[in-house]
Amino acid sequence: MPSQAVSNFILAVCTLDSTSVGGSGPIFYCKDEEELQKVSLYLEKILDAMAHELRPGTMILVKH
Amino acid sequence: MHDTTLIILIGTICGIACRLNLLRTDYRQYPTYPHGRIVHLALGVIASGLGAVLVATLLDKNYTAVTFLTLAAQQFRDVRNMERQMLTNVDSMELVPRGVTYIEGIAMAFEGRNYLVIANAFFSALATHFFTWIGGLIVGLIGLFIAHRFMSGRTLGSVVEIKKAKVHFQGPNLFVDDILIYNSGLKDSQEKLVKNGVGLILVPKNANATVTIGNLGQRQAILHDVSTILGVYHDSGEPSLVPLSKRDLNSGRLALFLLPLDRDPDKAIEIVRRVPLLENAYRRPLKGSVKPDRQL
């Protein structure tokens, strides 16, 4: 149900390009696309979050 | 048999028959069987007793008995609260929840039906007094049919056209035809979504329907009904596998992305067609006198 409170959080970021992300959240650097998919999948299952592709090579894990 | 006894007996029987006829446990399994049904049958007996006894007391010139009805109204409002509370509690454990609008609709139906039972018992008891027991039974039967017709509401099929649509990905974005549903980054999830997803587009027939299918409660009710009947390819902790509905803001069309276990689009269309049009969600903007052009 929609609410006025902030309900979506970025729990983690997985990326291939270390220069494209930064900030205070957990960032996972991956060496290739395959590893990116694998790490994102594991994080998705562990965190019960959803992996969204922000741009090629960068995934964010969002708790909805 | 004593006249008053006959009045009460016929009135009560007609009332109970009316409640039994309106009490259906279908695919929704609501009211739950067997105890949920017993609760509502018992309340139906009380309601029909009230309606029948009212006639007997009025004939006895005991007019203060009408105040009894206020007690009944209070009692049946509690029924509504009880239903609402229970359904809301249970809803948090559903994979695809019913949503509050659907729950309010169900709770309201339960309250309303008890009043129909009182009315049916009252009129058949009254008819028994004037036209003997045969007249009472006939009036009771007529009341039963009226109640049945009156309480079966409209369905979604009467206000929208339903079409099959293609589920596909453009990059990480999931589309049903040309309507964006959500972004899913994992290749694994994308394959599952395309393999198990069924897409439908609901095209509103007029402006009333456009507003109605925009209502989040109505949309949740559709998703719940489809998931109940066809099953759902979803589990807790799987936020990337969720059935969802999205509106096309320009045309008012509604895209449904479903994840049924039984992937038959024809069955899904038939189910969506039969989803009840929730009375709390239904709007009639075309009735507004400021809009003579009848456009939205």
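**Salt bridges, aromatic pairs and a sheet**

B:Arg253 and B:Asp248 form a salt bridge, and their closest N and O atoms are 3.1 Å apart. In a salt bridge, a side-chain nitrogen of Lys or Arg lies within 4 Å of a carboxyl oxygen of Asp or Glu. B:Arg253 is buried because its relative accessible area is 19%, and B:Asp248 is buried at 16% (buried: under 20% relative accessible area; exposed: over 50%; partly exposed: in between; 1.4 Å probe, protein chains only).

The model is predicted: local features need pLDDT of at least 70 and side-chain atom pairs pLDDT 80 or more, while totals for chains, interfaces and linings use all residues. Residues are numbered from 1 along each chain as written, chains are lettered from A and ligands numbered from 1 in written order, and side-chain values use heavy atoms, without hydrogens and water.

Over all chains, the structure holds 13 salt bridges. In one of them B:Glu111 meets B:Arg80, with 2.7 Å between the closest N and O atoms. This bridge links distant parts of the chain: B:Glu111 belongs to helix α4 of chain B and B:Arg80 to helix α3 of chain B, 31 residues apart (helices: DSSP runs of H or I, at least four residues; strands: runs of E, at least two; numbered from the N terminus). B:Glu111 has a relative accessible area of 6%, so this residue is buried. B:Arg80, at 23%, is partly exposed.

A further salt bridge joins B:Glu270 and B:Arg274, whose closest N and O atoms are 3.1 Å apart. B:Glu270 is partly exposed, at 30% relative accessibility. B:Arg274 reaches 58% and therefore counts as exposed. Elsewhere, salt bridges with shared partners connect A:Glu44, A:Lys45 and B:Glu238 in one network.

Aromatic rings come next. The whole structure has 4 aromatic pairs over all chains (ring centres of Phe, Tyr or Trp, its six-membered ring, within 6.5 Å; planes under 30 degrees apart are stacked, over 60 edge-to-face, the rest tilted). One of them is the edge-to-face pair of B:Phe76 and B:Tyr115, at 6.0 Å centre to centre with 90° between the planes. With 0% relative accessibility B:Phe76 is buried, whereas B:Tyr115 at 32% is partly exposed.

B:Tyr182 and B:Phe257 make another edge-to-face pair, 6.3 Å centre to centre and with 90° between the planes. B:Tyr182 is in strand β4 (residues 179–183) of chain B and B:Phe257 in strand β7 (residues 254–258) of chain B, so the pair ties together parts 75 residues apart in sequence. Both B:Tyr182 and B:Phe257 are buried.

Strand β7 leads on to a sheet. In chain B, 4 strands form an open, antiparallel sheet in the order β1-β5-β7-β6 (strands pair if DSSP finds at least two bridges between them). At the edges stand β1 (160–165) and β6 (244–247) of chain B; each has a single partner strand, so one side of each lacks a neighbour in the sheet. On average, neighbouring strands are turned by 20° against each other, direction ignored. Between β1(B) and strand β5 (residues 198–204) of chain B, the antiparallel pairing runs over 6 bridges. Here B:Lys164 has B:Leu200 in β5(B) as its bridge partner.

Helix α8 (residues 265–273) of chain B packs on the sheet, touching β1, β5 and β7 of chain B (contact: heavy atoms within 4.5 Å). The direction of helix α8 makes about 160° with that of β1(B) (axes: lines fitted to C-alpha atoms, for helices over the stretch in contact; angles from 0 to 180 degrees between N-to-C directions).
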